[in-house]
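Visitor: Could you walk me through this one slowly? I am new to reading structures and would like to ask as we go.

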Amino acid sequence: MSGGGLPLTGAAGGTDALALLGALPAGVTAAGVAGGPFGDTSSFFGGAGSLLSTFLFPMAMFGFAAGEGGFDPDELPPGADPDTGLTLPPGVDPSDPAAVEKYVREHPELLTGGGNFVGMQKSTEALTKAVSTATSVSFTVAGPPGTGAQTATGDGPDVGLQLDLRLADAAAAKQLQADLAELLKAGGTVCEVSGEHVILRTKAYKAGSGKLADDPRFRAATSGGVPGATTAIYIGGEPGGSGATGAVGVTVGRDGADTVVMARILVG
């Protein structure tokens, strides 16, 4: 199908997304590559990138391990709000996000673990800006069934995710790593820099051996894709899963002013 520009389709030219996708590790639940820059990504990640940061750094954003569904009332101090884990004065309505945010800004020491609210907000903004301006972005979701990729680990994010941002140069990559310091302090997600690449990896991420390009299902799902694709996505499903869908391949490219999308679904 074709139409106007779609969000996160990146800029035309300069990125062979399908080739880069095939070079990613095999054994993934899902993977994708998109060539940037992407412009405003706030509709995907929130105005300050809070959604993306929450996904990658739940321990930093909430002060507890992902998957527990909230704070344990037995471990909270008297008078603490069970949703935020904060001890709020009588004049602050816990159901009013603006009031809670204002209070936390004035008292960052109240965050669980002593986190710096303002610092974390700056980190989320830096991450969103990096995604918006990256020359390419790739992600892989991978982890053995029944482990961290599907079940909360209790000490880190419950999704096995690796995000690779290719920035303008090595200096920009180092700067982003520094800007993410407040989020990284909570642990659970590591940040590595390799040249102009910033790689964020959750503890639950477990890559398979080999490359996606060597997987027959991947080749079948992506064959006949859009030439010169600027975005390519592969959904392989869980190994041994009982679903009817075997794999899905999506490629996105440009034809003049149009964005062209090709999707191939393998059943069984």
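Predicted model: local features only at pLDDT ≥ 70, side-chain atom pairs only at ≥ 80, totals over all residues.

Visitor: In which sense do β5 and β6 pair, parallel or antiparallel?

Guide: They pair in the antiparallel sense, over six bridges, where pairing requires that DSSP finds at least two bridges between two strands. The two strands form a hairpin with two residues between them, and G195 in the turn has a positive phi of about 60°.

Visitor: How many helices and strands are there in the chain?

Guide: The chain has nine helices and nine strands, which are DSSP runs numbered from the N terminus (helices are H or I with at least four residues, strands are E with at least two).

Visitor: Back to the hairpin, then. What does E196 form with R166?

Guide: E196 and R166 form a salt bridge, with their closest N and O atoms 3.1 Å apart; the term means a side-chain nitrogen of Lys or Arg within 4 Å of a carboxyl oxygen of Asp or Glu. E196 lies in the loop between β5 and β6 and R166 lies in strand β4, so the pair ties together parts that are 30 residues apart in sequence.

Visitor: Is E196 buried or partly exposed?

Guide: E196 is partly exposed, at 23% relative accessibility, and R166 is partly exposed too, at 36%. By the rule used here, buried means under 20% relative accessible area, exposed means over 50%, and partly exposed is in between (1.4 Å probe, protein chains only).

Visitor: How many salt bridges does the structure hold?

Guide: It holds two. In the other one, the side chains of R201 and E192 meet at 3.2 Å, N to O, where R201 has a relative accessible area of 22% and E192 is at 37%.

Visitor: New topic: which residues touch the most other members of the largest nonpolar core?

Guide: Of its 24 residues, L56, L127, L165, L167, L176, L180 and L200 do. Such a core is a set of buried Ala, Val, Leu, Ile, Met, Phe, Trp, Tyr and Cys residues joined through side-chain atoms within 4.5 Å. Several elements give two or more residues to this core, including β2, β3 and α7, and α6 gives the most, with five residues.

Visitor: And what does L165 touch?

Guide: Leaving aside residues up to four places away in sequence, L165 touches L127, A130, V131, S136, V137, L176, E196, H197 and V198, with contact taken as heavy atoms within 4.5 Å.

Visitor: How many aromatic pairs does the count come to?

Guide: The count comes to one aromatic pair. The rings of F218 and Y234 have their centres 5.2 Å apart and their planes at 80°, so the pair is edge-to-face. Rings of Phe, Tyr and Trp (its six-membered ring) pair if their centres lie within 6.5 Å, and planes under 30 degrees apart count as stacked, over 60 as edge-to-face and the rest as tilted. F218 is buried at 4% relative accessibility, and Y234 is buried at 1%.

Note on methods:
Residues numbered from 1 in each chain as written. Heavy atoms only, no water.
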